[in-house]
Amino acid sequence: MPEGGKIDGKQAIFLMVSMVLPTTFFFVASVTAHLAKQDGWISILLATLGALLIAWLAVSLGLRFPGKTLFQFPEVILGRWPGKVVALLYIWWYIHMTAEILRQSGSFMVSVFMPETPIIVFELLIMAIAAYTVRNGLEVFTRVNQIILPLVLGLVIIMNILATPEMNLRRLLPVFMENGAVPVIKGAVMPAAWMGEIVTMAVLIPYLNKAKEAYRVAVTATLITGFFILAAQIGDLAIFGPEVTAGWLFPGLNKIRMIHLANFLERLEPIAMTIWIAGGFVKISLFYWVAALGSAQWLELKDYKPLVLPVGVILLALSIMVHESILGLLTFLGTFWGPYALTLFQVGIPLLLLVVAVLRGQGGARH
Amino acid sequence: MKKLLACLFLLVIMTVVISGCWSRKEMSELAIVLGAGVDRAPDDQVRLTLQLAKPGAFTAGGEGGGGKETPTWVVSETGKTVLDAQRKLAGRISRHIYWAHDVILVFGEEAARHGVLRYTNYFYRTPQSRETMWIMVAKGEAKDILETHSQLEKSSAQDIGYLARAKTGYSVNFKNFIVMLSTRGANPIASRVDIVERGITQGPEQEKPTIHKGAALTGTAVFRKDKLVGWLDESETRGLLWLRGEVLKGVITTPSLAEPDKEISMDVIRGSTEVQPQYDGESVWFNVKIVVEGDLLEQQSGEEILDREVREALEKEIAREIEEKTRLALEKAQREYGVDIFDFGEAFHRKYPKDWLELKDRWDEVFAGAGVDFTVEAHIRYSGLQSRRTALEE
């Protein structure tokens, strides 16, 4: 096996929460408020439900093939070459996703804090640390995350509480009446695609010390993520109302900027930066590791470490190439990413694999 | 040894990296904006006026040895957009213009009458300016407001900012202003700022005390969508605050029942406003319930307030006074300006989401024709340190 590490259930939950939450917290409300207006929070509930289904799909699939990851079992199910093609698609998807996230992290820093700094500086810094972490293996960044995630969640909670004086929950009314169901469902697509990254469970299962816990891990992580995103969404809507929320790039950031208490507790954006950088770092490390590991397994190498640097270079170059501006990034994430990630990689292919596996009776009955 | 060398190497590297970063701005390189004003210049141009903090003037230990020099500096320039004007200003300010400490944003009357939407976007967009700055409309030009100076504070912008924060009238921050601007069924309002006589300047060397004129908040500016349509004076602003149920503090003064030429004042401690829309398919009306509680702190007359009946009569009188003020603001909004500035539209929207779809496009008309029923309750909860008026007069 290219990766020798083992992590326990709690560590896996932490990892799966860090994978989605810290960056989504900042911008999710903008997309949902644009489509579903004040019913954006219902979209989040729907998205959480969708993510739970995806989690079930990924875990069921993973458990059928003990010791094999998402990059290996397609071969068993579909035969050598079709399986290789599917695995290659997934490698592409993970590389692409990591590049997008990297671009997003850099864009946030440049557009909000340091407009004159070239984006490559931030990306290079994050990638250098991430590459080092990934080389050290799964266990290392899992443990780093055990320190980072409580910090991030703690800050997110404190920020939401401090912002409550600005909130007016009546901005969430009327509920669900005038817009009907369609905008709410449309608004759920994007958050579902982010939370659907839980499909990564299909890569992580072989590295759990107790594979049986996989269901619990996936469900708990999704529920925690869903809860925090919901709270952030409601907070943003209650402060800004749907129209203004939809106008902001990062409503979560503006929420933190709104905090001003007792004339001294104000201008807390550095905390936003902390949440973003710390959380984004774990997220990038995880996907980077998956991409490197997947490439190694696809090439049937003994170790993924030689691939860390080449994959990193590809990620960095790709993240610069994919978009010409932050507006391009937004249009892409807002319109294309949902259908692309959700239908193909999070639901479509896993469902196809599961159906074929069941029909062919492959994979051990759940142990 | 190898480790030690590596550590040393890292330390050396750090001295290079940690000491600075790309977009760093040292305090001594900044021109800190305290107040900004936007006026309309000919040809739809923007005249941007900035009140800048003079470096050093705000540091501690300024014992006034320098004497009369003001700690601020006001510059203004015209441009096609706010940013364009700011760019031109950069040509004559030796420092980097820094928005993050801007306290107030003042729109000139002309600019406001032609619509503020044209000017707000820069402040919405730029990461530097804050959502918490106070928005106000000048009676006259914004430039004049920023050119005043303050006797009590270091700069007039901060002075006006403190006035807005005290919420003696209606004050609104940028966030709430853009929320009102973008919400259907709500029209924005902002504080009105005007130059008034604020006090007498005293000094031992001065022969005669001089009158100090300064900027102060004198009411409320009323918008239709993004265009200024008129003003509410200070007493109408009280009514506006009651109706919006926002800041229900203040003093209510009403003539005494027993001796009509004498007055009684109650200090309002808390209150609540509830707006219930009613719609029967044809006409819209609102039931407004206002409840206030307060302390009776001044009584010119001599009636016995320990007497329950007297007290109840007084409370009724106070309630009537509140209703009167509220009606004043309502009348002006309905009859004179025809705009809903009380968020009644939002209340209607919440209760009748389906009917709202039909009415929202002509909401201001509907609002102007809507009936409003008031139920006002006032309660005297405390009476200061006195229970009854000492009978000196007899």
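Guide: Helices (H or I, at least four residues) and strands (E, at least two) are taken here as DSSP runs, numbered from the N terminus. With that convention, helix 4 (80-113) and helix 13 (326-360) of chain A each supply at least two residues of the lining of the largest cavity, and helix 4 of chain A gives the largest share, four residues. The model is a predicted one, in which local features need pLDDT of at least 70 and side-chain atom pairs count only at pLDDT 80 or more, while totals for chains, interfaces and linings use all residues. Residues are numbered from 1 along each chain as its sequence is written, chains are lettered from A and ligands numbered from 1 in the order in which they are written, and side-chain values use heavy atoms, with hydrogens and water left out.

A cavity is a set of points, on a 1 Å grid over the protein atoms alone, where a 1.4 Å probe fits but cannot get out, and its lining residues have an atom within 4 Å of a point. Grid points are joined across faces, edges and corners, and a volume is the space filled by probe spheres set on the points. A search of the whole structure on these terms finds three cavities of 30 Å³ or more.

The largest cavity has a volume of about 90 Å³, and the residues that line it include F27(A), M97(A), E100(A), W194(A), K283(A) and W337(A). By class, this lining has seven nonpolar, one polar and three charged residues, where Ala, Val, Leu, Ile, Met, Phe, Trp, Tyr, Cys and Pro count as nonpolar, Asp, Glu, Lys and Arg as charged, and the others, Gly among them, as polar.

The second largest cavity holds about 60 Å³ of space and is lined by R238(B), W242(B), V251(B), I252(B), E321(B), I322(B) and K325(B). Helix 8 (234-244), strand 11 (250-255) and helix 9 (308-337) of chain B each supply at least two residues of this lining, with the largest share, three residues, coming from helix 9 of chain B. Four of the lining residues of the second largest cavity are nonpolar, none is polar and three are charged.

Turning to the boundary between the chains, 29 residues of chain A are in contact (heavy atoms within 4.5 Å) with 25 residues of chain B. The area buried between chain A and chain B, that is, the accessible area (1.4 Å probe) that the two parts lose on being put together, summed over both, is about 2500 Å², of which carbon and sulfur atoms give 53%.

A salt bridge is a side-chain nitrogen of Lys or Arg within 4 Å of a carboxyl oxygen of Asp or Glu, and the rule finds three across the interface of chain A and chain B. In one of them R130(B) pairs with E269(A), the closest N and O atoms being 2.8 Å apart. There is also a salt bridge between E166(A) and K175(B), with the closest N and O atoms 3.7 Å apart. This pair crosses between chains, from E166(A) in the loop between helix 6 (138-162) and helix 7 (181-195) of chain A to K175(B) in helix 7 (residues 174-182) of chain B.

Key. 1 Å grid on protein atoms, 1.4 Å probe; cavity = no way out; pocket = protein on both sides within 12 Å on 5 of 7 lines; lining within 4 Å.
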